[in-house]
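The entries follow in the order in which I looked things up.

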Amino acid sequence: MPADGIAAASAPGRNSAPYEGLRGLLLVAAPIALVILLVILPTSAMVLGSFRVGDGFGADRYLAFFADAYSMANLRYTVFWTLASTVSALALSFGLALYLRFSTGRLAAIVHALSLFPLFVPAIIISYALVRFLGPNGLFQLLLEQVGITGYRTPYLTPIGPYIAFIWESLPLPVLVLTAGLTQVSDSAIEAARDLGAGAGRIVAEILLPQLQRPLIIAFALVFLGTIGSYTIPYLLGPPAPEMMGVYIARTMGNLQRPDEAAVQAVILLAIASVVGLIYIATMARAGRQ
Amino acid sequence: MTARPPIAGMLIALTMVLVILGPILTVMIWAFAEQWRYPNLLPTDWGLKFWYQMLGRETVITPILTSLAITSISTTLVAVICWPAAYAFARLSFPGRQLLLFSFLAINAVPKFTLFVAIATVFLQIGLIGTFWGVVIVQMLSAMLFMIWIPTAAFRGIPPALEEAAFDLGASRLRVFLQVTMPQALPALAASYVLGFVTILLRWNRPCWLARPRSRRCRFCCCSFPRSLSSSRRPSCA
């Protein structure tokens, strides 16, 4: 089906065949069907099911969640550390993107390659690697002791452990998005500002940042959405309690065998993420239209 | 910009090496260490003992092969359904085109774990849970965004004038597609394939939660035998 469709399709305008619309819809039908069947329908079914109480509908399970101190602590913990690591990752990648925008040569190429490297490292590998690197008696501590610094306290099993891992893991995407955004800023605008006596800080604040609004929102959403639902990193590096929502949902579903409660937790997580998700989709849509 | 002192660049590069490569280097060293007692900066005993141990275990080799099979099958399936769709998004006009293109963002906008729970419920009902094809289908989702958006941008970037010129010279539609459109889109298609392949290969928790009983992927051994992880990194990710 697809091959035939491609052969029949041609450059726009050239062949305004009456069935172009139909052909287009047929070509995109398979991936769209997959998204509907695997994302939209299951998610809607889960949201609906989480409100089912007996034969009717009600918010009983949600009230139970909000009344439970431990669940609320997990939720607050998740939102706080997701925001903290997202903002830190954005700040770091903004710095890196600035450096990459204004530097050329081998050094910049190395920095660029290194900042993209985490893209190819799965979460479970970096979690384990950080245990060995930052953990008790890890390589980092050994290096510090070589230069005479003692009294190192490991972030492993504290909230700082996953915080570091989140930043590490999510660095590549914002660097990519912000570097692409910064290349859109013309050299002449920056040079003009400098000729008029603007310092580096002023150029960043008044010329670069305003033009970076959209890439910044997209990068924020990508990192936030990737972090808030994560499981591996907080499970392996974080404290046993409070838990990130991903770990909490998995434990409720797997160990406690309470799929109903897990669904409620998942829907609450979805509600928080969907605010950011909608901003992300709206920003992408606006960018796509231009 | 005028030349900035290279010291700043050197510092940034050095920090990046320590921060990005440091943890990975630690794992690499551990893979060849047989014993590493506390105050030593480097392992006290080097060797390949754990490599032999790991590669000799059936429970390690099978998951790696399963992993590669699942990844190849699902990446190829995604390519088969997504590349023609990308062509359509770039070149054909049909109702709801923009809306449908953005609907793929929904995959990213739903938190991973919420999606697992939702899909697991559906799979449980239709008996796909714990099967090879269940994992293949779920893994396809991870690569879809790349495989739609990158090729769409690539097809859009090809100037239609080139294709029109070929038509004017009497080429058939198939010939134009194969000899004019494809060669220009190929690098981007290949890039999206590689990116999709890597994304699928590196995911472990999706299959872990949907297929635990039967289909084992290589990440499981990482999960259950932390020691072998250091060595399993190479064969599974190289």
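**Ground rules.** This is a predicted model, in which local features need pLDDT of at least 70 and side-chain atom pairs count only at pLDDT 80 or more, while totals for chains, interfaces and linings use all residues. Residues are numbered from 1 along each chain as its sequence is written, and chains are lettered from A and ligands numbered from 1 in the order in which they are written.

**Helix α14 of chain A.** I looked up residues 245-254 and found that 8 of the 10 residues of this helix are buried; among them are M245(A), Y248(A), I249(A) and M253(A). For chain A as a whole, 43% of the 290 residues count as buried, and I recorded 15 helices and 2 strands.

**Overall form of chain A.** The radius of gyration, taken over C-alpha atoms, is 24 Å for chain A, whereas a compact globule of 290 residues would come near 19 Å, by the rule of 2.2 Å times the number of residues to the power 0.38. The C-alpha trace spans about 70 × 60 × 35 Å along its principal axes.

**Domains of chain A.** The assignment, which is automatic or taken from a database, gives domain 1 (1-50) and domain 2 (61-289), with 33 Å between their centres over C-alpha atoms. Counting two residues as in contact if their C-beta atoms, placed from the backbone, lie within 7 Å, I find 4 residues of domain 1 touching 5 residues of domain 2.

**Chain B against chain A.** Here 71 residues of chain B are in contact with 80 residues of chain A, and helix α1 (residues 6-31) of chain B gives the most to the chain B side, with 14 residues.

**Confidence.** The model scores ipTM 0.77 and pTM 0.83. Chain B averages a pLDDT (the predictor's confidence in each residue, from 0 to 100) of 77, and 82% of the residues score at least 70. Over residues 212-238 of chain B pLDDT stays under 50, although the model has 60 contacts beyond four places in sequence for them. Where pLDDT is low, the predicted coordinates should not be read in detail.

Definitions and conventions. A residue is buried if 20 or more other C-beta atoms lie within 10 Å of its own, exposed if 12 or fewer, and partly exposed in between; C-beta atoms are placed from the backbone. Helices (H or I, at least four residues) and strands (E, at least two) are DSSP runs, numbered from the N terminus.
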